[in-house]
Amino acid sequence: LEDVNEEAFQVVVRAIQQTRPLQFRYRKHAAKGVETRSLNPYQLVCANNRWYVLGRDLRRDAVRAFVLARMTNPRILDGVFKRPGDFRIADHLKGSFGIFKGHEDFEVVIDLDRWAADVMRDRRWHASQQVTELPGGGLRIAFRLDNLEEIEPWVLSWGGHAAVVRPKALADRVTAAAASVLKRYSRPSKPRKSAVQRDLGLGIA
């Protein structure tokens, strides 16, 4: 589980309990700088071993998820907000494979070989999950998702034990990611000097 600042965590909890706006400094993924954000916090969510606070982003007027570990100096603002009576976290994340919320509709189908099937069998990764046994001991697993952001690294985590059946968009993304990894490891390395050559200061032709 990702480490979070305990004091900051408690401030967020109080803001949720008291239905009061929250302001904090935030660093986006891979960003160098930080910015000030304001939020009506609805709920804390732990997904993929990481804590998020979900709520209405007051700048964008939309429900967003913020990583607690990237938040600093959270403070509770004056006033109170009214949480929408029809907001349900399960409904909001229905098409998500974790925490990322999309706006599309994908039928994701993945084949797992026998080795991966033995790991996967009897585990539930998503509410929409459907599993079909394949000849030879493999599994075909299907999900209904609204984005591909988090399913892509999940497929890659299985290495050669998983193959995307559909959609093509996911297969293309996995192929591109695998090619990028292969390219990184295929770079020619400089030959190392032996201990004797290092001692004698000799290079390698």
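Me: Which residues touch the most other members in the largest nonpolar core?

Reply: That would be Leu44, Val53 and Met71, out of the 26 residues in this core. Two or more residues come from each of helix H1 (6-17), strand E1 (22-26), strand E2 (35-47), strand E3 (50-57) and strand E4 (62-67). H1 gives the most, with 6 residues. "Nonpolar core" is the name for a set of buried Ala, Val, Leu, Ile, Met, Phe, Trp, Tyr and Cys residues joined through side-chain atoms within 4.5 Å. Helices (H or I, at least four residues) and strands (E, at least two) are DSSP runs, numbered from the N terminus.

Bear in mind that this is a predicted model: local features need pLDDT of at least 70, side-chain atom pairs count only at pLDDT 80 or more, and totals for chains, interfaces and linings use all residues. Residues are numbered from 1 along each chain as its sequence is written, and side-chain values use heavy atoms, with hydrogens and water left out.

Me: What is leucine 44 in contact with, leaving aside its neighbours within four places in sequence?

Reply: Leucine 44 is in contact with Phe9, Val12, Val13, Ile16, Trp51, Tyr52, Val53 and Leu68, where contact means heavy atoms within 4.5 Å. There's another core apart from this one, with 21 residues, including Met120, Leu148, Ile151 and Val155.

Me: Why is arginine 37 called buried?

Reply: Its relative accessible area is 3%, and buried means under 20% (exposed is over 50%, partly exposed is in between, with a 1.4 Å probe and protein chains only). So arginine 37 counts as buried. You'll find this residue in strand E2. Among its contacts beyond four places in sequence are Leu22, Phe24, Asp57 and Phe66.

Me: What makes the pairing of the side chains of arginine 37 and aspartate 57 a polar contact?

Reply: The two side chains come to 2.4 Å. The cut-off is an N or O pair within 3.5 Å; within protein, one atom must be able to donate a hydrogen and the other to accept it, and residues adjacent in sequence count only if both atoms are side-chain atoms. That's how the arginine 37 and aspartate 57 side chains get listed as a polar contact, at 2.4 Å.

Me: How do you know whether valine 63 is buried or exposed?

Reply: Look at its relative accessible area: 18% falls under the limit for buried, so buried is the word for valine 63. This residue lies in strand E4 and touches Tyr42, Leu54, Gly55, Arg56, Phe87 and His92, not counting residues up to four places away in sequence.

Me: Why is the pair of phenylalanine 97 and phenylalanine 143 called edge-to-face?

Reply: A search of the whole structure finds 11 aromatic pairs. In the pair of phenylalanine 97 and phenylalanine 143, the ring centres are 5.1 Å apart and the planes are at 65°, so edge-to-face is the label. The rule is that rings of Phe, Tyr and Trp (its six-membered ring) pair if their centres lie within 6.5 Å; planes under 30 degrees apart are stacked, over 60 edge-to-face, and the rest tilted. Phenylalanine 97 is buried at 12% relative accessibility, and phenylalanine 143 is buried at 2%. Phenylalanine 143 also pairs edge-to-face with tryptophan 154, at 5.8 Å centre to centre and 85° between the planes.

Me: Which residues do ring pairs link into a cluster?

Reply: Phe97, Trp125, Phe143, Trp154 and Trp158.

Me: What makes E1 and E2 paired strands?

Reply: Two strands pair if DSSP finds at least two bridges between them. E1 and E2 are joined by 5 bridges and run antiparallel, and that passes the test. Tyrosine 26 stands opposite glutamate 35 in E2.
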